[in-house]
Amino acid sequence: MSKNRLSRRTKARRRAVDTVYEANLKGLDEDPEDLRQLVAERRQLSTAQTTLPDYSAEIVNGVADRLFDIDMTLSQYSKDWALDRMPKPDLAILRCAVWEILYNDDVPWKIAVDEAVGTARAISTPDSPAFINAVLDAIGHASETG
């Protein structure tokens with residue numbers, strides 16, 4: 001695979017981030033049921049975009065299922081940054097990555113961190129990759145110790 005082609009799983013992660021970001025912009029990220037409904041809509045074929053891949057839906061539904069816990073974890077580890085003050089793309093990236101780190105045993109946490117940092121490089125501010133890396137690295141290390 002060439003360097004600039006993204007793996008299927010990376011693309012699925014980015015679609016999950018896009019969906020969580022969309023939910024945030026539309027105010028659908030307060031109620032997990034609204035987030036699940038958005039996933040259901042994105043799973044339908046439309047002329048606007050391809051259907052949401054299975055792994056994307058798994059991530060977003062996982063974020064919906066654990067939204068309160070994920071946001072509490074982010075609040076604890078994102079020192080000096082209230083969630084409502086973060087750039088919205090960063091919040092979406094962090095929510096998806098925290099779900100992978102804490103609730104998806106199939107993904108080593110360091111891979112989830114690397115993927116999140118790569119997504120931040122692609123879609124967010126120049127400062128975002130370092131911030132996201134620091135927050136997720138702390139969460140990943142804490143998850144190892146239990």
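Two residues are in contact when heavy atoms of theirs lie within 4.5 Å. With that in mind, let us look at this predicted model. Among contacts in the chain with a separation of 6 or more, 67% join residues 24 or more positions apart.

What kind of elements make up the chain? There are seven helices and zero strands, so the order from the N terminus on is simply α-α-α-α-α-α-α. The C-alpha atoms fill a box of roughly 45 × 40 × 30 Å along the principal axes. A compact globule of 146 residues would have a radius of gyration near 15 Å, and the chain, at 14 Å, agrees with that. Buried residues make up 45% of the 146, while the accessible surface comes to about 8,200 Å², with 49% of it belonging to carbon and sulfur atoms.

Now step inside. The structure holds one cavity of 30 Å³ or more, and the largest cavity has about 90 Å³ of space. Its lining includes Arg 13, Val 17, Ile 93, Cys 96, Ala 112 and Glu 115. Helices α1, α5 (88-103) and α6 (109-123) are the elements that each give two or more residues to this lining. By class, seven of the lining residues are nonpolar, one is polar and three are charged.

Is Glu 22 buried or exposed? Its relative accessibility is 17%, so Glu 22 counts as buried, the cut-off being under 20%. Beyond its neighbours within four places in sequence, Glu 22 is in contact with Leu 38 and Arg 42. Val 117 lies 95 residues from Glu 22 in sequence, and their C-alpha atoms are 19 Å apart in space.

Conventions
Residues are numbered from 1 along each chain as its sequence is written. This is a predicted model: local features need pLDDT of at least 70, side-chain atom pairs count only at pLDDT 80 or more; totals for chains, interfaces and linings use all residues. Side-chain values use heavy atoms; hydrogens and water are left out. Buried means under 20% relative accessible area, exposed over 50%, partly exposed in between (1.4 Å probe, protein chains only). On a 1 Å grid over the protein atoms alone, a cavity is a set of points where a 1.4 Å probe fits but cannot get out, and a pocket is an open set with protein on both sides within 12 Å along at least five of seven lines; lining residues have an atom within 4 Å of a point. Grid points are joined across faces, edges and corners, and a volume is the space filled by probe spheres set on the points. Helices (H or I, at least four residues) and strands (E, at least two) are DSSP runs, numbered from the N terminus. Ala, Val, Leu, Ile, Met, Phe, Trp, Tyr, Cys and Pro count as nonpolar, Asp, Glu, Lys and Arg as charged, and the others, Gly among them, as polar. The radius of gyration is taken over C-alpha atoms; the globule rule is 2.2 Å times the number of residues to the power 0.38. Accessible areas come from the Shrake-Rupley method with a 1.4 Å probe; for residues, only the protein chains shown count as cover.
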